[in-house]
Number of protein chains: 2
Amino acid sequence: MTALAEEIARTYGTPAVVIDLDKVEANIARLQAACDAAGIANRPHIKTHKSPELARLQREAGARGITCQKLGEAEVMADGGLDDILISYNILGEEKLGRLGALQRRVRMIVAADNPVTISGLPRAAEIAGRNLEVVVECDTGRQRAGVETPTEAVELARLIAGSPGLTFAGFLMYPPEDGWERTQRFLDAANAGLRDAGLEAGMISTGGSPNIPNIGKLKGSTEHRAGTSIFNDRMQVAAGVATLDDCALSVYATVVSRAGPERGILDSGSKTLTSDTGGLEGHGYILEYPAAKIAKFAEEHGFLDLSASNDRPKVGEVVRIIPNHVCVVVNMVDRLITVRGDKLVGELPVAARGKLT
Amino acid sequence: MTALAEEIARTYGTPAVVIDLDKVEANIARLQAACDAAGIANRPHIKTHKSPELARLQREAGARGITCQKLGEAEVMADGGLDDILISYNILGEEKLGRLGALQRRVRMIVAADNPVTISGLPRAAEIAGRNLEVVVECDTGRQRAGVETPTEAVELARLIAGSPGLTFAGFLMYPPEDGWERTQRFLDAANAGLRDAGLEAGMISTGGSPNIPNIGKLKGSTEHRAGTSIFNDRMQVAAGVATLDDCALSVYATVVSRAGPERGILDSGSKTLTSDTGGLEGHGYILEYPAAKIAKFAEEHGFLDLSASNDRPKVGEVVRIIPNHVCVVVNMVDRLITVRGDKLVGELPVAARGKLT
């Protein structure tokens with residue numbers, strides 16, 4: 001148990017969600033460098049950190065703008081001085097269209113759409129804003145989440161946007177599977193050909209994903225990339241081979257509160273802290289001090305340690321550090337992050353856009 | 001799509017986490033009646049609702065006190081007028097012991113312990129409080145989470161508590177597996193025999209769990225029961241046979257934002273709303289309007305609908321209601337619950353103890 005762990009436990013109690021600002025800055029710089037090397041604009045996704053302060057650091061490092069998933073996140077970011085915001089999500093319903101219009105009055109907003117119903121609502125936002133709203137068509141190039149499935153549909157929606165009052169067709173947005181970049185290229189080439197026939201042009205071609213950082217620029221014609229997780233990294237990023245444990249800027253400091261059996265223990269961090277997002281990995285996090293210990297399952301406030309494979313075993317009262325499987329959802333559990341630099345405690349950073357469900 | 005769903009979407013946007021106060025009151029009354037019928041005190045666990053208002057409703061219905069899992073929850077509850085609080089958790093570390101002492105100055109606090117390290121710290125809290133602190137020994141009767149594994153250890157810890165300055169041995173706390181009540185009885189009888197030899201007595205024997213509501217009072221000697229989830233219920237409670245869908249007081253109103261393929265769709269509620277707690281069930285929630293639709297997986301803000309088994313399929317823009325698998329973790333994602341009575345919108349209820357990790 002390090003002096004820093006003792007200080008954090010004494011000052012804040014555990015569980016404490018802690019970020020190392022040195023590593024955060026290095027991660028920000030690494031993403032920016034990857035974009036710069038490819039000649040692609042950087043538009044990081046703030047879903048991971050939900051902090052206007054960190055978004056401003058990303059902008060200062062060279063990011064063109066930011067990406068949000070929710071309007072509520074964009075509102076917090078606009079309040080924090082960010083003025084070029086892509087929402088990579090279908091915005092639907094009168095309540096949201098009103099808020100989108102109000103945002104677009106203040107800052108540059110770009111939104112995604114993958115269907116005519118979404119597009120049919122967006123002119124209302126533009127009307128409230130009093131100026132045109134940029135809309136990109138979300139394309140599914142293999143991940144089967146949102147996004148039109150064919151280039152033909154993409155071009156149809158582009159025409160629909162271009163023909164709608166107050167809307168500007170801005171381009172295409174995709175989140176290619178890590179092994180799906182050739183397919184994505186074929187999709188984009190076909191869609192661009194269709195656009196030319198329609199007399200349109202895609203000014204923005206936005207790719208996404210932290211696991212795709214090694215692929216930035218591979219898509220000919222791409223103009224921007226959206227990566228979120230890489231600002232902190234996590235066990236999934238390490239498993240994907242795009243980060244090392246040392247690149248993981250966030251850890252959860254947890255206390256061992258029970259050792260009722262020789263081969264088991266309880267951490268004070270359960271699914272209400274680390275969340276049940278497994279990311280497809282075995283165990284619910286990597287314990288830096290006890291790498292052979294497994295966080296085998298969760299109750300809400302209990303992390304169940306399986307110590308059978310660990311010769312070294314923690315005592316009750318000991319504070320350990322956990323690299324979570326999926327960092328984005330862990331940040332979303334807390335109202336503040338504790339900040340450190342190396343072995344020095346710095347302070348706190350509010351997670352200002354936490355819990356902005358809408 | 002009901003008029004209420006339209007009103008909620010228009011007023012709050014989606015996702016919206018909504019509770020029906022009529023059902024909440026009926027669920028509170030049902031738990032109290034089960035405790036009354038067994039002659040057992042009701043000490044509901046507030047981890048599910050995290051609301052002092054709802055805790056006061058539980059007290060008004062007859063609850064003796066409340067149970068919390070975290071000190072931060074207890075602080076919010078004490079601020080809200082609750083004055084008899086059990087923390088069913090090992091409290092460790094100087095920061096927490098200071099807060100526990102401050103709480104114990106204001107209200108009756110009882111805490112659990114399952115090891116000597118925890119017990120060795122607690123006198124510090126009593127010293128700060130200026131009066132004795134009641135401590136119960138947590139016993140593991142088959143669930144393999146926290147709790148001593150044998151009656152002998154339970155009695156040893158009882159002696160240790162009784163011999164510690166400022167501490168009062170208050171009894172035993174257990175969370176019996178639903179099928180483990182005979183084993184729990186044997187454990188308790190042996191522990192009580194040991195206590196008698198030590199000249200001690202267990203004033204409080206506390207059992208727990210909403211799935212155990214049908215078992216309340218089965219343990220001879222039990223004095224209290226702690227149930228949390230039953231105030232709202234969820235798909236796990238329905239699967240356990242202790243609630244019906246109609247008893248589920250909380251639902252998540254979500255909008256269908258994409259229908260990119262004929263057999264699939266996207267809800268605006270992913271793991272940052274419904275959480276990845278599966279509760280061991282297939283699918284991530286039950287959609288009241290489309291019971292054959294499956295919420296097959298999540299991204300953070302996407303709920304992936306598999307509609308292949310559903311003849312009836314929702315359109316983009318439609319609002320649906322989801323009964324979550326595990327309600328306690330869903331409440332913990334939001335700062336407020338929307339309240340309704342039947343088909344009438346009532347207002348909002350803050351989730352005041354949300355995110356109290358420590």
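This is a predicted model: local features need pLDDT of at least 70, side-chain atom pairs count only at pLDDT 80 or more; totals for chains, interfaces and linings use all residues.
**Exercise 1. A buried histidine and an exposed lysine**

Task: Describe the position of His225(A) and state whether His225(A) is buried or exposed.

Solution. 
- Step 1, location. Strand β9 of chain A contains His225(A).
- Step 2, accessibility. With a relative accessible area of 0%, His225(A) is buried.
- Step 3, surroundings. Apart from neighbours within four places in sequence, the contacts of His225(A) include Cys35(A), Ile40(A), Ala41(A), Asn42(A), Arg43(A) and Pro44(A). Also among them are Thr207(A), Gly208(A), Gly209(A), Asn212(A) and Ile216(A).

Solution. 
- Step 1, location. Lys315(B) lies in the loop between β14 (303-306) and β15 (319-323) of chain B.
- Step 2, accessibility. The relative accessible area of Lys315(B) is 62%. The threshold for an exposed residue is over 50%, and Lys315(B) is accordingly exposed.
- Step 3, a distance. From Lys315(B) to Thr339(B), 24 residues apart in sequence, the C-alpha to C-alpha distance is 26 Å.

**Exercise 2. Two helix pairs**

Task: Characterise the packing of α4(A) with α5(A) by angle, distance and handedness.

Solution. 
- Step 1, geometry. Helix α4 (residues 71-79) and helix α5 (residues 94-106), both of chain A, pack at an angle of about 25 degrees, and their axes are 11 Å apart.
- Step 2, orientation. Angles under 35 degrees count as roughly parallel; α4(A) and α5(A) are therefore roughly parallel to each other.
- Step 3, handedness. The crossing of α4(A) and α5(A) is left-handed.
- Step 4, residues. From α4(A), Leu71(A), Gly72(A), Ala74(A), Glu75(A), Ala78(A) and Asp79(A) meet Lys96(A), Arg99(A), Leu100(A), Leu103(A) and Arg106(A) of α5(A). The residues of this contact comprise five nonpolar, one polar and five charged.

Task: Characterise the packing of α5(B) with α6(B) in the corresponding terms.

Solution. 
- Step 1, geometry. In chain B, helix α5 (residues 94-106) and helix α6 (residues 116-129) pack at about 40 degrees, with axes 7 Å apart.
- Step 2, orientation. This angle makes α5(B) oblique to α6(B).
- Step 3, handedness. The crossing of α5(B) and α6(B) is right-handed.
- Step 4, residues. The contributors from α5(B) are Leu97(B), Gly98(B), Leu100(B), Gly101(B), Ala102(B), Gln104(B) and Arg105(B). Those from α6(B) are Gly121(B), Leu122(B), Arg124(B), Ala125(B), Ile128(B) and Ala129(B). The residues of the contact of α5(B) with α6(B) divide into seven nonpolar, four polar and two charged.

**Exercise 3. Backbone features**

Task: Identify which residues the cis peptide bond in chain A joins at Pro15(A), and locate Pro15(A).

Solution. 
- Step 1, the bond. Thr14(A) and Pro15(A) are joined by a cis peptide bond with omega of about -5 degrees.
- Step 2, location. Pro15(A) is in the loop between α1 (3-12) and β1 (16-20) of chain A.
- Step 3, chain B. A cis peptide bond also joins Thr14(B) and Pro15(B), with omega about -5 degrees.

Task: Examine phi at Lys50(A) and Asn233(A).

Solution. 
- Step 1, Lys50(A). Although not a glycine, Lys50(A) has a positive phi of about 55 degrees. Lys50(A) lies in the loop between β2 (41-42) and α3 (52-60) of chain A and is buried, at a relative accessible area of 1%.
- Step 2, Asn233(A). Asn233(A), likewise not a glycine, has a positive phi of about 65 degrees. The loop between β9 (224-226) and α9 (235-239) of chain A holds Asn233(A), which is buried at a relative accessible area of 3%.

Definitions and conventions. Residues are numbered from 1 along each chain as its sequence is written. Chains are lettered from A and ligands numbered from 1 in the order in which they are written. Side-chain values use heavy atoms; hydrogens and water are left out. Axes are lines fitted to C-alpha atoms, for helices over the stretch in contact, and angles run from 0 to 180 degrees between N-to-C directions. Helices (H or I, at least four residues) and strands (E, at least two) are DSSP runs, numbered from the N terminus. Angles under 35 degrees count as roughly parallel, over 145 as roughly antiparallel, 65 to 115 as roughly perpendicular and the rest as oblique. A crossing is left-handed if the near helix is turned anticlockwise from the far one by less than a right angle, and right-handed if clockwise. Contact means heavy atoms within 4.5 Å. Ala, Val, Leu, Ile, Met, Phe, Trp, Tyr, Cys and Pro count as nonpolar, Asp, Glu, Lys and Arg as charged, and the others, Gly among them, as polar. Buried means under 20% relative accessible area, exposed over 50%, partly exposed in between (1.4 Å probe, protein chains only).
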